[in-house]
Amino acid sequence: MTKLNEKRVEEERRDELMAILKERFKHNITRHELLEWEKIEAKLNENPKKIWSLNEMEETGGEPDVIGYDDENKDYLFCDCSQESPKGRRSSCYDFEGLESRKKNKPDKNAVGMAAEMGIELLTPEQYTALQEKGVFDAKTSSWVKTPIEIRKLGGALFCDYRFGQVFLYHNGAESYYAARGFRGLLRV
């Protein structure tokens, strides 16, 4: 069975991951004031596939943390909170079509495909901007963000970074990739 089909984390690693997440939660309380770790942990324990996704986020350098709660859907929101774009997700084209359109020097991965395999969503430009209210992220790197279909049909893709005290939204060909560009993900639990 493949790692993707299993979507389970071994008990020892699960305990280790939960300890990491709990410590990160305590250390960065301003990201999630008024939320209680015990309730979050209980909801995680009911959703082993979500723990698997969080482990994938952690293993690729995302340093996931809770950034809020969606009252309408009753979901806790985890997001990659690594200072720079997660190292294990850099040097990726935007999506499979962008990857396939490269004539040479193809990277091994694409952001949309990786996110889907991990069970997470790419941040929208609005979510990326809101994340910057929780800290400073991507001051030296950039992150692909969810691109509207109209732009994607024309061959483009969007990415963001944080420079000069503000978020910048840019465009690039979906086939492009850079050592300093990855993607940040959102997981609803």
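This briefing walks through aromatic pairs, charges over rings, helix packing and a few individual residues. The model is predicted, so local features need pLDDT of at least 70 and side-chain atom pairs count only at pLDDT 80 or more, while totals for chains, interfaces and linings use all residues. Residues are numbered from 1 along each chain as its sequence is written, and side-chain values use heavy atoms, with hydrogens and water left out. Helices (H or I, at least four residues) and strands (E, at least two) are DSSP runs, numbered from the N terminus.

**Aromatic pairs**

- A pair of aromatic rings is described by the distance of the centres and the angle of the planes.
- The structure holds six aromatic pairs, where rings of Phe, Tyr and Trp (its six-membered ring) pair if their centres lie within 6.5 Å; planes under 30 degrees apart count as stacked, over 60 as edge-to-face and the rest as tilted.
- One of the pairs is F25 with W37: the ring centres are 5.5 Å apart and the planes stand at 50°, so the pair is tilted.
- F25 belongs to helix 2 (residues 11-27) and W37 to helix 3 (residues 37-45), so this pair ties together parts that are twelve residues apart in sequence.
- F25 is buried at a relative accessible area of 4%, and W37 counts as buried at 5%.
- For F159 and Y170, the ring centres are 5.0 Å apart and the planes are at 20°, so the pair is stacked.
- F159 lies in strand 5 (residues 156-163) and Y170 in strand 6 (residues 166-173), so the pair ties together parts that are eleven residues apart in sequence.
- F159 is buried, with a relative accessible area of 8%, whereas Y170 counts as partly exposed at 32% relative accessibility.
- F159 and Y170 also belong to one aromatic cluster, together with Y94, W144 and F168.

**Charges over rings**

- A charge sits over a ring if NZ of Lys or CZ of Arg is within 6 Å of the ring centre and within 35 degrees of the ring normal.
- The ring of F159 has the charged end of R181 over it, 3.4 Å from the ring centre.
- The ring of F183 has the charged end of R89 over it, 5.1 Å from the ring centre.

**Helix packing**

- Axes are lines fitted to C-alpha atoms, for helices over the stretch in contact, and angles run from 0 to 180 degrees between N-to-C directions.
- Angles under 35 degrees count as roughly parallel, over 145 as roughly antiparallel, 65 to 115 as roughly perpendicular and the rest as oblique.
- Helix 2 packs with helix 3 at an angle of about 150°, the axes being 11 Å apart; the two helices are therefore roughly antiparallel to each other.
- The crossing of helix 2 and helix 3 is right-handed (a crossing is left-handed if the near helix is turned anticlockwise from the far one by less than a right angle, and right-handed if clockwise).
- Contact means heavy atoms within 4.5 Å. In helix 2, R14, M18, L21, K22 and F25 meet W37, I40, E41, L44 and N45 of helix 3.
- Helix 2 and helix 4 (residues 48-59) have axes that come within 11 Å and cross at roughly 70°; they are therefore roughly perpendicular to each other.
- That contact is made by R13, R14, L17, I20, L21 and R24 of helix 2 and by I51, L54, N55, E58 and E59 of helix 4.

**L21 in helix 2**

- L21 lies in helix 2 and is buried, with a relative accessible area of 2%.
- Leaving aside residues up to four places away in sequence, L21 touches W37, L54 and P64.
- L21 and V66 are 45 residues apart in sequence, and their C-alpha atoms are 8.8 Å apart in space.

**Loop residues**

- E63 lies in the loop between helix 4 and strand 1 (64-70). Its phi is near 50°, a positive value in a residue other than glycine, and E63 is partly exposed at a relative accessible area of 36%.
- D138 lies in the loop between helix 7 (125-131) and strand 4 (142-145). Phi of D138 is near 65°, a positive value in a residue other than glycine, and D138 counts as buried at 0% relative accessibility.
- A139 is found in the loop between helix 7 and strand 4 and counts as partly exposed at 36% relative accessibility.
- A139 and E84 are 55 residues apart along the chain, with their C-alpha atoms separated by 6.9 Å.
- Not counting residues up to four places away in sequence, A139 touches E84, Y162 and R163.

Conventions
Buried means under 20% relative accessible area, exposed over 50%, partly exposed in between (1.4 Å probe, protein chains only).
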